[in-house]
Amino acid sequence: MQYTLPLAPFDRIASLHQRLLAVFGPPTDFVRLDPISQMILAMLSGRTHNETALGVFAALVEHFEVARHRGSWQRLAEASSHELDPLLEGVTHPERKAEALPRVLQEIASLRGALDLGFLHGWPVENALAWLERLYGVGPKTSAATLNMSTLHRRVLVVDTAHWRAARCLGLVPEQTSPERSVRLLNRQLPNGWEASDTEEHHILMQDLGRTFCARSSKASCPFTNVCAGSATPQRTRLLEEWLRDAPPAHALPGAGVKMSQISPLKKDAANLNQGASGAPPPVQTASASAASC
Ligand code: SF4
């Protein structure tokens with residue numbers, strides 16, 4: 001008698017992840033901020049280059065003496081837009097952010113009695129996302145970044161503009177999908193065995209793809225050109241899944257070895273921010289912080 005073994009289900013996100021790793025290499029380590037600091041950084045980085053957001057974040061840390069006050073952002077919660085405006089120079093929509101930053105901190109303090117998001121550590125991820133997204137100025141990208149990239153380190157995928165752009169191009173989400181809806185759709189596709197560090201690494205790799213190739217004139221050298229659904233790539237010939245199943249060894253792909261720099265001005269300050277964060281695990285001592293721009 002002959003038995004047919006069931007085929008293992010093909011996981012295109014896991015396979016794509018391996019291709020991305022071969023192209024960009026493992027992401028550079030970064031300092032893991034406490035959840036409030038990470039939320040502020042994610043809000044600053046909305047539609048803003050990482051380097052600019054990190055620079056403004058560092059300026060806020062210094063101006064409000066956050067490190068000296070053991071990581072407390074209380075002074076930012078009390079700041080007027082008049083005080084904040086000059087500090088937000090360079091970020092996109094500074095007037096909106098000058099209103100949103102103190103307001104979201106006031107809401108947290110009012111709802112929880114303290115400026116602390118450590119209580120989310122034990123919550124189911126969906127509930128924690130929903131709680132955060134009820135706060136003023138917090139959308140799906142900021143909520144996911146707060147949970148995944150901070151010391152909370154929860155299993156959820158962050159999707160910023162660069163990541164969204166690449167996901168649409170590759171056909172992981174329909175072309176017309178909004179950034180907000182993409183967060184939900186991409187999170188549903190995560191491999192079952194993935195943990196927080198996997199989702200974090202995948203976000204950084206997809207962000208690298210979107211920035212290095214999709215948003216630049218280097219599209220011609222993109223290793224995904226022949227499967228890309230983007231309108232700028234009429235040479236698309238194959239579906240992503242089919243290509244991932246039988247593509248040549250990843251290390252042979254053009255562009256392999258490209259690595260994005262994540263150097264930030266936060267090296268020293270960020271390491272000091274976590275001192276006062278209660279209810280959260282200890283910080284990871286690594287090289288720089290991650291902005292997850294959107
Ligand atoms: S082929 Fe072009 S649009 Fe598609 S992933 Fe590569 S750079 Fe981005």
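Here are legends for several close-up views of this predicted model.

A note before you start: residues are numbered from 1 along each chain as its sequence is written. Because the model is predicted, local features need pLDDT of at least 70 and side-chain atom pairs count only at pLDDT 80 or more, while totals for chains, interfaces and linings use all residues.

View 1. The protein chain has 13 helices and 0 strands; helices (H or I, at least four residues) and strands (E, at least two) are DSSP runs, numbered from the N terminus. Of its 294 residues, 43% count as buried. Here a residue is buried if 20 or more other C-beta atoms lie within 10 Å of its own, exposed if 12 or fewer, and partly exposed in between, with C-beta atoms placed from the backbone. Among contacts between residues at least 6 apart in sequence, 75% join residues at least 24 apart. Two residues are in contact if their C-beta atoms, placed from the backbone, lie within 7 Å.

**View 2. The largest nonpolar core has 72 residues.** A nonpolar core is a set of buried Ala, Val, Leu, Ile, Met, Phe, Trp, Tyr and Cys residues joined through C-beta atoms within 7 Å. Look for Ile40, Phe57, Leu101 and Leu170, which touch the most other members. Helix H2 (residues 35-44) supplies the largest share, 7 residues. Domain 1 (12-28 + 158-182 + 194-211 + 222-259) and domain 2 (30-157 + 262-277) both contribute residues, so the core lies between them; the domain bounds come from an automatic or database domain assignment. Leaving aside neighbours within four places in sequence, Ile40 contacts Phe57, Trp73 and Leu101.

**View 3. Helix H9 (residues 161-169) is mostly covered.** In this helix, 8 of 9 residues are buried, among them His163, Trp164, Arg165 and Arg168. The buried residues of H9 pack against helix H10 (179-188) and helix H11 (196-214). Just after H9, you can find Gly171 with a positive phi of about 80°.

**View 4. Helix H8 (residues 140-148) packs against H10.** The two helices meet at an angle of about 45°, with their axes 9 Å apart. Axes are lines fitted to C-alpha atoms, for helices over the stretch in contact, and angles run from 0 to 180 degrees between N-to-C directions. That makes H8 oblique to H10, since angles under 35 degrees count as roughly parallel, over 145 as roughly antiparallel, 65 to 115 as roughly perpendicular and the rest as oblique. Pro140, Lys141 and Ala144 of H8 meet Pro179, Glu180 and Val183 of H10.

**View 5. Val159 sits in the loop between H8 and H9.** With 29 C-beta neighbours inside 10 Å, Val159 counts as buried. Not counting residues up to four places away in sequence, Val159 touches Lys141, Trp164, Pro179, Ser182, Val183 and Leu186. The C-alpha atoms of Val159 and Glu180 are separated by 8.4 Å, although these residues are 21 apart along the chain.

View 6. Most residues other than glycine have a negative phi.
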